[in-house]
Amino acid sequence: QVQLVESGGGLVQAGGSLRLSCAASGRTFSSYAMGWFRQAPGKEREFVAAISWSGSRTYYADSVKGRFTIARDNAKNTVYLQMNSLKPEDTAVYYCAAGWVAGTNDKYDYWGQGTQVTVSS
């Protein structure tokens, strides 16, 4: 069992930056691939980024490639999402997820409660 708690969301102007964190409980965090997803009002949840259990492989949605960076610290049981050059269309609730495969679909086993990111124009 893994529990995930996101933090770091907030209100930022377009062009600004935020860093999201996702703290995981449990001693098996380093065994899991981690992903970030987001859901905007009235839209389906979509993939943002994923990272393998070792951190050696990362994956990004085209819409965030070059602006967002996913990273993990297995010693701290934490995964991060550094978001730069934010745009109003990045506004959404951001969720972290843990699973066995760093996939771009939503077939992860554990999910956090989400953190709101709002980008003003």
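1. Start with the contacts. Of those in the protein between residues at least 6 apart in sequence, 57% join residues at least 24 apart. Keep in mind that this is a predicted model.

2. Next, the secondary structure. The protein has eleven strands and zero helices. Along the sequence the pattern reads β-β-β-β-β-β-β-β-β-β-β. The radius of gyration is 13 Å, close to the 14 Å that the globule rule gives for 121 residues, so the protein is as compact as a globular protein of that length. The C-alpha trace spans about 40 × 25 × 25 Å along its principal axes.

3. Burial and surface. Buried residues account for 45% of the 121 residues. The protein exposes about 6300 Å², and carbon and sulfur atoms supply 47% of that area. There are 12 positive and 9 negative charges, and their mean positions lie 5 Å apart.

4. The core. The largest nonpolar core holds 36 residues. L4, M34, W36, L81, M83 and Y94 have the most contacts inside it. Several strands give two or more residues to this core: β3 (18–24), β4 (33–39), β5 (46–51), β7 (68–73), β8 (78–83), β9 (92–99) and β11 (115–120).

5. V48 sits in strand β5. Is V48 buried or exposed? V48 counts as buried because its relative accessibility is 1%, and the cut-off for buried is under 20%. Beyond its neighbours within four places in sequence, V48 contacts W36, F37, R38, Y59, Y60, A61, V64, F68, L81 and Y94. V48 and Y95 are 47 residues apart in sequence, yet their C-alpha atoms are 9.5 Å apart in space.

6. Check two backbone angles. Most residues other than glycine have a negative phi. N77 has a positive phi, near 50 degrees. S85 also has a positive phi near 50 degrees. Neither residue is a glycine.

7. Where do N77 and S85 lie? N77 is in the loop between β7 and β8, and S85 is in the loop between β8 and β9. N77 has 19% relative accessibility and so counts as buried. S85 is partly exposed, with a relative accessible area of 41%.

How values were computed. Residues are numbered from 1 along each chain as its sequence is written. This is a predicted model: local features need pLDDT of at least 70, side-chain atom pairs count only at pLDDT 80 or more; totals for chains, interfaces and linings use all residues. Side-chain values use heavy atoms; hydrogens and water are left out. Helices (H or I, at least four residues) and strands (E, at least two) are DSSP runs, numbered from the N terminus. The radius of gyration is taken over C-alpha atoms; the globule rule is 2.2 Å times the number of residues to the power 0.38. Buried means under 20% relative accessible area, exposed over 50%, partly exposed in between (1.4 Å probe, protein chains only). Contact means heavy atoms within 4.5 Å. Accessible areas come from the Shrake-Rupley method with a 1.4 Å probe; for residues, only the protein chains shown count as cover. Lys and Arg count as positive and Asp and Glu as negative; His and the chain ends are not counted. The place of a charge is taken as NZ of Lys, CZ of Arg, CG of Asp or CD of Glu. A nonpolar core is a set of buried Ala, Val, Leu, Ile, Met, Phe, Trp, Tyr and Cys residues joined through side-chain atoms within 4.5 Å.
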